[in-house]
Amino acid sequence: MDAADWNHRYDEGVAWSDEPNARFTGIVSDLPPGRALDLACGQGRNAVWLAQQGWTVTAVDFSSSALVRARDLAAARGVDVTWLEADVVRWQPPLVVYDLVAVLYLHLAPAVRVRVLRHAAAALVPGGTLVVLGHDVRNLEEGHGGPDDPSILLTPSAVVRELGAVDVVTAETVARPVAEEGARDALDTLVVVRAPQVSQHTS
Ligand SMILES: C[S@@+](CC[C@H](N)C(=O)[O-])C[C@H]1O[C@@H](n2cnc3c(N)ncnc32)[C@H](O)[C@@H]1O
């Protein structure tokens, strides 16, 4: 889907929660606030939550309609976020700047996903944390919701492979309860990596 398709979806009233993803907040709550980058931020639920926790947040999405909602949410919650309208496949974040980079529920063809993931990892300062969370390919058969094109769904091993040289903290498929009577849990790929610390050489 391109930016026009996403704008159409938002303008037609697709409704997602304004509340942050619980898996994400569980991971990030242990980190000291610093500079954060949210790639494909959508309507800003996670970026706004980060700002409420004291993070300095830049959030990027190519949908202008998503960013209208995101700005409204930030205003309603009384926080500042730097919003950027850009295609994360083409836009490269500045190198070695962010303590945290989030890539949540961004589903792209692997050939372009790898570029986004590498850019995301390269934006981290040493010791910084990258969180990648999205619908797992197992979700199709065993889970609930999400895209039905297997080629854009995630697996923990594919994300780790595409990221290249990083310290993996977590790479697993996790269940996410769904607020729908009788529905199975959704299955997400969760990968958390830490940028290597710069080694200290003494002579
Ligand atoms: C399912 S929403 C997830 C939003 C947010 N990460 C969250 O968890 O609430 C996917 C978002 O990715 C954005 N997106 C998809 N492809 C993109 C791209 N190439 N560049 C920037 N944003 C993109 C869409 O506009 C949409 O807002």
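Which residue has a backbone N or O atom 2.9 Å from a nitrogen atom of the ligand? In this predicted model, the residue is Val88.

The Val88 pair involves the backbone of the protein and a nitrogen atom of the ligand. Two further pairs involve side chains and oxygen of the ligand. An N or O atom in the side chain of Arg45 is 2.6 Å from a ligand oxygen atom. For Asn46, the distance from a side-chain N or O atom to an oxygen atom of the ligand is 3.4 Å. The ligand taken alone exposes 600 Å², and 93% of that area is buried by the protein.

## The shell around the ligand

The ligand is surrounded by 18 residues. Tyr10, Ala40, Arg45, Asp61 and Leu104 are the closest of them.

By class, the shell consists of twelve nonpolar, three polar and three charged residues. Helix 1 and helix 3 each contribute at least two residues to it.

## The largest pocket

Where does the ligand sit? The space it takes is the largest pocket, which holds about 1,400 Å³. There are 47 residues in the lining of this pocket, and those closest to its centre are Trp6, Trp16, Tyr105, His107 and His135. Several elements give two or more residues each to the lining: helix 1 (3-11), helix 2 (22-28), helix 3 (45-52), strand 5 (124-135) and strand 6 (167-176).

The lining of the largest pocket divides by class into 27 nonpolar, twelve polar and eight charged residues. Helix 1 and helix 3 are among the elements with two or more residues in this lining, and both also supply at least two residues of the ligand shell.

## An enclosed cavity

How many cavities of 30 Å³ or more does the model contain? The count is one, and the volume of the largest cavity is about 60 Å³. Its lining is made up of Val103, Leu104, Tyr105, Leu106, Leu108, Arg113, Val116, Leu117, Val132, Leu133 and Leu154. Strand 4 (98-104), helix 5 (110-122) and strand 5 each give two or more residues to this lining. Helix 5 gives the most, with three residues.

Ten of the lining residues are nonpolar, none is polar and one is charged.

Most residues other than glycine have a negative phi. Ala40 is not a glycine, yet its phi is positive, at about 60°.

Tyr105 lies in the loop between strand 4 and helix 5.

Notes:
Residues are numbered from 1 along each chain as its sequence is written. This is a predicted model: local features need pLDDT of at least 70, side-chain atom pairs count only at pLDDT 80 or more; totals for chains, interfaces and linings use all residues. Side-chain values use heavy atoms; hydrogens and water are left out. On a 1 Å grid over the protein atoms alone, a cavity is a set of points where a 1.4 Å probe fits but cannot get out, and a pocket is an open set with protein on both sides within 12 Å along at least five of seven lines; lining residues have an atom within 4 Å of a point. Grid points are joined across faces, edges and corners, and a volume is the space filled by probe spheres set on the points. Helices (H or I, at least four residues) and strands (E, at least two) are DSSP runs, numbered from the N terminus. Ala, Val, Leu, Ile, Met, Phe, Trp, Tyr, Cys and Pro count as nonpolar, Asp, Glu, Lys and Arg as charged, and the others, Gly among them, as polar. A residue is near a molecule or strand if one of its heavy atoms lies within 4 Å of it. A polar contact is a pair of N or O atoms within 3.5 Å; within protein, one must be able to donate a hydrogen and the other to accept it, and residues adjacent in sequence count only if both atoms are side-chain atoms. Accessible areas come from the Shrake-Rupley method with a 1.4 Å probe; for residues, only the protein chains shown count as cover. A molecule sits in a cavity or pocket if more than half of its atoms lie within 2 Å of its grid points.
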